[in-house]
Amino acid sequence: MKVDLGDLNAFVTVARVGGFRDAARVAGLSASGLSEAVRRLEARLGVRLLNRTTRSVVPTEAGRSLLDRLAPALNEVQSALDVVNAFRDRPTGTLRLNVPQAAARLVLPAIVPRFLAAYPDIVVDVAVEDSFVDMLAAGFDAGIRYEERLEQDMIAVPIGPRLQRFAAAASPAYLERHGQPGHPGELLRHACLAGYFAAGASVQWEFARDGETVRVDPQGPLRVRLGAGADLAVASAVAGAGIVYLFEDWLAPYFARGELVPVLEPWWPGFSGPFLYYPGRRLVPAPLQAFIDFIRATPE
């Protein structure tokens, strides 16, 4: 039985991601093209591989069995091609990264443009997601996360600033009306512009000074989803709606323009910078290896 390798790749991508639209973004193809490839493969095999609904795409039992056997084989094919790619003067291909919004805003702008100039034959495909994803299942080569959220059995490479801080801030008008808090505990009497994780849990605000750590459950007129809603929280703080808590580097331009004023600055906690992480159990694709070498050679 003869089947097309491209059709097999299309099936694996759709099955891993769980949808034609998301798979099209990962593969850089059209959703209709992927759908046609999977239908062609099903017709050739004479068995349904995917159950399709308006909300999801899930492998059938036959599809799951095929995926379990096929995915490692296709990874080996890709690894073999990457061996050849490594002999090129300039690596080519696509580097697919999954990163949180903070990394997309604060880390990658200082790296990606220079990397693209150094490696013009590599395309960098960046998906910005703050919720935790199975990187390999979603078809990414690598991800960027902070240490506490790294997946197990991954190789981690430092990327970007190695020390960052969380900062609290408010507009001059808000502080004129409500006063500048002198201790984190006083935030309970202030309007806090809070954040929450994708699962719904609220984000605690943490402060530290002279060995004392204080955690506050912020309460106020606005709650936004972590990452995606950060710009709304900042805009609301600038407008005088309350106090915002975010990466210091994110708020730095607002400090420079005087739109926001530091709050409780001696209490701002520091934490280690992010890491590029990728699986260590298979050959590193040439575009990813070029990126790793590039960031290792980049001054912090």
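Helix 10 spans residues 286-296 and is mostly covered, with 8 of its 11 residues buried.

**Ground rules**

I am working on a predicted model, where local features need pLDDT of at least 70, side-chain atom pairs count only at pLDDT 80 or more, and totals for chains, interfaces and linings use all residues. Numbering runs from 1 along each chain as its sequence is written, and side-chain values use heavy atoms, with hydrogens and water left out.

**Whole chain**

I noted 10 helices and 15 strands in the chain. Helices here are DSSP runs of H or I with at least four residues, strands are E runs of at least two, and both are numbered from the N terminus. The chain has 300 residues, and 44% of them are buried. I then looked at contacts, meaning heavy atoms within 4.5 Å. Of the contacts between residues at least 6 apart in sequence, 72% join residues at least 24 apart. The accessible surface comes to about 15500 Å². Carbon and sulfur atoms hold 53% of that surface. The areas come from the Shrake-Rupley method with a 1.4 Å probe, and for residues only the protein chains shown count as cover.

**Helix 1 against helix 3**

I checked this pair for its geometry. The axes of helix 1 and helix 3 are 8 Å apart, and the packing angle is about 110°. Axes are lines fitted to C-alpha atoms, for helices over the stretch in contact, and angles run from 0 to 180 degrees between N-to-C directions. Helix 1 and helix 3 are therefore roughly perpendicular. The classes are under 35 degrees for roughly parallel, over 145 for roughly antiparallel, 65 to 115 for roughly perpendicular, and oblique for the rest. The crossing of helix 1 and helix 3 is left-handed. A crossing is left-handed if the near helix is turned anticlockwise from the far one by less than a right angle, and right-handed if clockwise.

From helix 1, I listed D7, L8, A10, F11 and V14. They meet L34, A37, V38, R40 and L41 of helix 3.

I stopped at D7, which sits in helix 1 (residues 5-17). D7 is buried, because its relative accessibility is 5%. Beyond four places in sequence, D7 touches A37, R40 and L41.

**E42**

I moved on to E42 in helix 3 (residues 31-45). Is E42 buried or exposed? E42 counts as buried, because its relative accessibility is 10%. Its side chain reaches the backbone nitrogen of L49 at 2.8 Å. Leaving aside neighbours within four places, E42 contacts V47, R48, L49, L50 and R52.

**Helix 8 against helix 9**

I repeated the check on helix 8 (residues 230-238) and helix 9 (residues 248-257). Their axes come within 12 Å and cross at roughly 30°. That makes helix 8 roughly parallel to helix 9. The crossing of helix 8 and helix 9 is right-handed. On the helix 8 side I found A230, D231, V234 and V238, which meet W250, L251 and Y254 of helix 9.

**Strand residues**

R225 lies in strand 11 (residues 222-225). At 38% relative accessibility, R225 is partly exposed. Not counting residues up to four places away, R225 touches S131, Y196, A198 and A230. R225 and V203 are 22 residues apart in sequence, and their C-alpha atoms are 9.5 Å apart.

I also looked at A156 in strand 6 (residues 154-158). A156 is partly exposed, with a relative accessible area of 37%.

**Positive phi**

Most residues other than glycine have a negative phi. I therefore noted two exceptions.

D210 has a positive phi of about 50° and is not a glycine. D210 is in the loop between strand 9 (205-209) and strand 10 (212-216). D210 is exposed, at 75% relative accessible area.

L264 has a positive phi of about 60° and is not a glycine either. The loop holding L264 runs between strand 13 (261-263) and strand 14 (270-272). L264 is buried, at 5% relative accessibility.

Technical notes
Buried < 20%, exposed > 50% of the residue type's maximum accessible area, 1.4 Å probe, protein only. Polar contact = N/O pair within 3.5 Å; in protein donor to acceptor, adjacent residues only side chain to side chain.
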